Amino acid sequence: MLQSIFYRTITIVFLLTAMLCFFPGCEPAEEEGTIRIGQITNRTGETSDVGIPLADGVRDAWRWINEQGGVRERPVRILERETGYNVPRTIAAFRELSGDYGVSLVHGFGTPDSEAVMDLATRAQVIYMPTSYDERFVNPEMAPYFFITNTDYSTAARSAVRYVAEQNGRLGLARNSGGFGMAPIGAIKDEAEKVGVPIVSEQDMSYTPTSAVQQSLAFRNADATHVWMGNTHTAMAVLARDLRRQESDAVIIGNIYAGDENFIRTAGSDAEGHLSLYGSVEYGDESAGMMEVIMQAGYRDPNTHYIRGWAQALLAAEVIGMAIDRELEITGENLRNMFYELEDFSPGGLVPPVNYTPEDHRPGQSSAIYQVRDGRWVKIWED
Amino acid sequence: MKQSAEKHTEHSAANGLPLLETRFERYGAVVLVLGLAVGSQFLSGYYVSLLTTITIFSLAAMGLNLLSGNAGLISIAHAAFMGVGAFTAAWFVIDMGLPLMAALFLAGIVTAGVGLLFGLPSLRLSGIYLILATFAAQIILYWFFEQALWLTKSPDGRPVGIASIAGFYFDDSAHYFLLVLAFTVAGGVVYLNLLRSGLGRSMEAIRERPVVAQLMGMNLQKTKLVAFAAGHFYAGLAGALYGWHLQFVATEAFNLMRSIEMLVLIIIGGLGSLSGAVLGAIFIVLTPELLDMAGNRLLDDVSVIAPMRLGIFGMLVVLFLLYEPRGMARSWRKLMRYLESKLFNMNSK
């Protein structure tokens, strides 16, 4: 009896859902001239702690743009696909967005999922804007339709090495063994050799460790003064705690996803003095033109990732607007050419100015370093 | 009493009877395959992508079913073995210059060999200890994918481009689906044949009563090793096909979660049956997609549905385990028999 009720319920729910999904009338109506933009997000998978504010930043920015009348009075429809940092789902979502919906621009997410759509984006001639700043994504030969808003990991890490050189420091590396953590390792070693910074220890750390005692001991025993960290805020907080417990004076330089507001919250007083290659203005910094608007959006948990989400959407809106001004069709190819026409454009003043050329998609050539002082990120050094 | 009768029916189907029991099932299978082959050519890329994923997962699930469902050797490393097949095939094609068809078969063979290697401890292990041994295999293989850059090129994986056979490029995903469908149908036929053979019967015997099976003269070691080799051949082949479906062999696609998902797939679908592999694959692939689609179509905002998706999926799994612990395949069979009786009754009238 129960089994029969179970099956009937499952069947009815399945059929209703399938009807809703496949029945064309269920597709929301679009105004004439609507521009479709794709958005591939990570709200549920590993590293969704940064995936959610990034996704919400992009979404809130486009909502605000639509409230202002759209891009040159053309409304924008965001088609979000949540893929949970899952590569196969990301590929399927990209195919759906570029093939079935014909979008010419997609906001993306992490390193492995974005790497997996590199060839697809080239073939489909669709602009892809990941929030992973892997070195491969700024090489137009490998990824001609990829554009990022922040200095790539390798360039930023080279800045960190130069900072350590200025301090006459000895560098340790605490990286995740996945692509995201490993991406800038080669660049760091090359730069360290060039500027004479000894790399005294290289340690592996998972994204969500509970202990970094072994790593802390290794850094202490190697007399590391600085530790570059390519990982998450959780790992950075654990390392900060265990460095203190092991009486090491090494200062961590977190990459853009390690040294954020969540690091300060998680590490508490252990966060003080540690550094970050923080990539945007801080929330509340009203020197940025768009900050007032962002603050009015009243996001529940604003941080650098949310702000960079806004910056990415504003950058996309800018190139779409330029294409409309020139009466060009909104295609990936035309948008790509608009990116090349940008000159020192800082989206909303939220991130450093960006420039792109057909030979080099690096938006910037250097990075600033921020330090935790009294529970806030404060800029202390610029390359 | 009723349960044992059903069990007897299931076993008798695997014991020397035709591949598919009834005329209805045979015609139904042919119509289904032809329908998929033709229908897929008219679908949009997204739906073809879903169909291809379901078909590849069905093929992989046949291998896991052989191992865990039929031989009773529970594995939580199936995805890692799919990864072995995917990376090996990519290496054969891109680095060694072999044709795709040869690479697919070689990938299956290499994976079967690696499966045998990890299967050796199974000769002395069973139950929860065997599960732990396969867990170790998953960890070791995943670590290997991240470290063996000569094979994987980057810790995240490597692109493989568009599949091509004898100069024909599968640049239309609907065409590639036909290739996948052909392999899966062939895999299904071999699977059913294997179950009817003495080896298949031995597998079921060692699952149910290993001591009795040994007393009856069955070679326990050989049967287990063959199950490991055959099950992982399927995994390797499916992994290789998956790589070219995604056009990227992603390390992350073969993680522990995917292995557990594969186990859930065959349990919900129905252990030890072909229809269970297919139905489980449909469930695993379509459930999250349908939930997302509902969020997109109804609310135009996936952010509301996405956080609930995993919860709903988990709840469905628990409900299935509670109300249909023997899998969807059992209910599918009942439905087919009901339809068959109705249709034949109507015909006779």
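Predicted model: local features only at pLDDT ≥ 70, side-chain atom pairs only at ≥ 80, totals over all residues.
User: A crossing is left-handed if the near helix is turned anticlockwise from the far one by less than a right angle, and right-handed if clockwise; which hand has the crossing of H5(B) and H11(B)?

Analyst: Residues are numbered from 1 along each chain as its sequence is written, while chains are lettered from A and ligands numbered from 1 in the order in which they are written. Helices are DSSP runs of H or I with at least four residues, strands are runs of E with at least two, and both are numbered from the N terminus. For H5(B) and H11(B), the crossing is right-handed.

User: How do H5(B) and H11(B) lie to each other?

Analyst: Helix H5 (residues 100-119) of chain B packs with helix H11 (residues 220-246) of chain B at about 140°, their axes 7 Å apart. Axes are lines fitted to C-alpha atoms, for helices over the stretch in contact, and angles run from 0 to 180 degrees between N-to-C directions. Under 35 degrees counts as roughly parallel, over 145 as roughly antiparallel, 65 to 115 as roughly perpendicular and the rest as oblique. H5(B) is therefore, relative to H11(B), oblique.

User: How many charged residues are in the contact of H4(B) with H5(B)?

Analyst: The axes of these two helices come within 8 Å and cross at roughly 140°. Residues are in contact if their C-beta atoms, placed from the backbone, lie within 7 Å; among those meeting here are Phe81(B) and Phe92(B) of H4(B), and Leu100(B) and Leu104(B) of H5(B). Ala, Val, Leu, Ile, Met, Phe, Trp, Tyr, Cys and Pro count as nonpolar, Asp, Glu, Lys and Arg as charged, and the others, Gly among them, as polar. The contact has twelve nonpolar and five polar residues, and its number of charged ones is no residues at all: none.

User: How are H6(A) and H8(A) oriented to each other?

Analyst: Helix H6 (residues 153-166) of chain A and helix H8 (residues 185-195) of chain A have axes 9 Å apart, at an angle of about 30°. Their contact includes Val161(A) of H6(A) and Ile188(A) of H8(A), and divides into seven nonpolar, one polar and three charged residues. The two helices are therefore roughly parallel.

User: Which strands are at the edges of the seven-stranded open sheet?

Analyst: The sheet runs S6-S5-S7-S8-S9-S10-S11 (chain A) with mixed pairing, where strands pair if DSSP finds at least two bridges between them. S10 (368-373) of chain A and S11(A), for example, pair in the antiparallel sense over six bridges. H6(A) lies across S5, S7, S8, S10 and S11 of chain A, and helix H10 (residues 233-245) of chain A touches S5, S7 and S8. The strands that pair on one side only are S6 (199-204) and S11 (376-382) of chain A.

User: How many nonpolar residues has the side of chain A that touches chain B?

Analyst: Each chain gives 36 residues to the contact. Among the elements of chain A that supply at least two are helix H1 (2-22) and helix H3 (87-100). Beside eight polar and ten charged residues, the nonpolar ones number 18.

User: Which element of chain B has the lowest mean pLDDT?

Analyst: Chain B averages 86, with 92% of the residues scoring at least 70. Over residues 1-14 of chain B, though, pLDDT stays under 50. H4(B) has the highest mean (97), and the lowest (44) belongs to helix H1 (residues 2-13) of chain B.

Methods:
Contact = placed C-beta atoms within 7 Å. pLDDT = per-residue confidence, 0-100. Left-handed = near helix turned anticlockwise from the far one by under 90°.
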